[in-house]
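Here are some notes for a colleague who is opening this entry for the first time. Please read them with the structure in view.

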Amino acid sequence: MRAKLENTLKKIIPRGRSIVIAIPFAWMILFFLIPFAFVLKISFAELQLAIPPFTALTKLIEESLHIKLNLGNYLFLLQDPLYINAYISSVKFAFVSTMLCLLIGYPMAYAISKSSPNIRNILLMLIVLPSWTEFLIRIYAWIGILKNNGILNNFLLWLGVIDEPLVILNTNIAVYIGIVYGYLPFMILPLYTNLTKHDDTLLEAAYDLGCPPWKSFLTITLPLSFAGIVAGCMLVFIPAVGEFVIPELLGGSETLMIGKVLWQEFFNNRDWPVASAVAIIMLIILAVPLAIFHHFQAKETL
Amino acid sequence: MRRKLSHRLILFLSIGYAFLYLPIIILIVYSFNESRLVTVWAGFSTKWYGELLKDQGILDAVWMSLRIAFLTAWVATFLGAIAGQVMARFGRFRFHSGFASTITAPLVMPEVITGLSLLLLFVSMETMIGWPEGRGMLTIWISHVTFATAFVAVIVSSRLREMDISIEEAAMDLGAHPFKVFFVITIPIIMPALISGWLLSFTLSMDSLVITSFVAGPASTTLPMKVFSSVRMGVSPKINAVATFIVLFATVIVVTSSVMTIRQDKKKQREIQAAMKENLGK
């Protein structure tokens, strides 16, 4: 009888282990997962001039609960080419920038992983440092460089390479430069972590058997670093799709990015329901990249 | 067989670092420019730093940011340490993959989405239960803790995965309570990760612009918000002066935390070698 009671008690009172899991989990569920439910809910609401500026979905009419889902926001987004173009061009910006980051970041990560241990720590620290420096400030730095009368143009004019200043600031080129600059450390760090784990004996064996270095790189190093490549690409691509600061500061009127559209809907038009619908569609677009990111994250965990 | 780096790789690395650092260096150099124009050099001057110290708006924003960052760092380190421990050491439990995904998702989630969703949560909670009342430091702090926890969890769990689990297992086998093992063995092992996690949370909180803009009330302006509103007006040497402080701050923090981690690793290696020698001697 007593043993049975103890057993039931044990089942009811969570063990220490469960409590430990529950503490951070509860925080993240409350402040990260549940908020998405509110975004979804408000994306079905209508704009109204009130505080908060949206209508309630549920209404009690004659003691029965009425739920009114308004699909208008989504129809509005799908009918206006501005929004569709903004989604397409954000994905394009993010994709091209991710590929550029990979092209620049891979050789850098590779070189760092191959350098001698003492220098390696310093080189790594120099990669980490920009990622700890305020993003806004690092993007701001490019305004002074890319302006018409900025440092780059002055330098090129002085060299005599160009006769007239190049227009770079407030164009799409400036946005690409900004994204690659801003996110490069996030590409290099996972690649470096992956590349340092490789077993050098594989390369030695290949070398001893007469395999040329470029071939052993293509057949051994590159395939082994696949997980690092995917992790780095997702760390750049996903946040870049929703980037706001870079198109705002470096982009021009031709630059169309969905993060900026969302910001304007929210802060300038104060249309919370449309901003929510914009966010939900962005999440749907990012679902696959997010799943890939978590898949590789989980692989590393186990 | 560690062959030396080829010249091509060294050249590439140099260009890469130049790309990363030239803009920051130019930014700092022009903060000492006499002229109001950021791009024309008119002689050395520290007058923009003087102007900065007279700007009450910026000083208030710095104070606000520092307070929030300090409060964020402690709670994010606490939550992140637990979450990292769970991710690295708890093996499989029922919601294991859900747990890891939920904890790490804020790392990549576009900030406009996180910011909007948190704001809508706060607004809805206020209508439903009357808390949190309005928006300000409290809501900013909650938002910062949420994304900073993700970073700390990743730092702690990757540190734990590098570490040998056998010491913890040995202590458990000898009958130590899991909590005792955590405090006596795990915490000292992950101390460098906890310190870098604390510092990173602090920095992330100081730097957050987009999420903070969504959840901040009219009375609470943080430093990045202040900088952003002046940057929108155009470049100004005063912002360069602020930027110089921010870069200096980040440098001190990153160097401190790197040196600490490297030192502890070296110490650990020496201890392992000493222990091995002792064993061989017997």
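Predicted model: local features only at pLDDT ≥ 70, side-chain atom pairs only at ≥ 80, totals over all residues.

**Notes on the two chains**

1. B:Leu118 belongs to helix H5 of chain B, which covers residues 111–129. B:Leu118 counts as buried because it has 25 C-beta neighbours inside 10 Å, the cut-off for a buried residue being 20 or more.

2. Turning to the interface as a whole, 75 residues of chain A are in contact with 69 residues of chain B. On the chain A side, helix H2 (residues 16–43) supplies the largest share, with 18 residues. Sorted by class, that side has 55 nonpolar, 14 polar and 6 charged residues.

3. The largest nonpolar core has 162 residues, and among those with the most contacts inside it are A:Tyr140, A:Trp142 and B:Leu116. A:Trp142 touches B:Pro23 in the other chain and, within chain A, A:Ala174, A:Ile177, A:Gly178, A:Tyr181 and A:Leu250, again without residues up to four places away in sequence.

4. Finally, helix H3 of chain B (residues 56–89) has 34 residues and reaches 48 Å from its first C-alpha to its last, which is close to the 50 Å expected at 1.5 Å a residue. This helix is followed by B:Gly91, whose phi is positive, near 65°.

Methods: Residues numbered from 1 in each chain as written. Chains lettered and ligands numbered in written order. Core = buried A, V, L, I, M, F, W, Y, C linked by C-beta atoms within 7 Å. Buried ≥ 20, exposed ≤ 12 C-beta atoms within 10 Å, placed from the backbone. Contact = placed C-beta atoms within 7 Å. Helix = DSSP H or I, 4+ residues; strand = E, 2+ residues; numbered from the N terminus. Nonpolar A, V, L, I, M, F, W, Y, C, P; charged D, E, K, R; others polar. Expected span 1.5 Å × (residues − 1).
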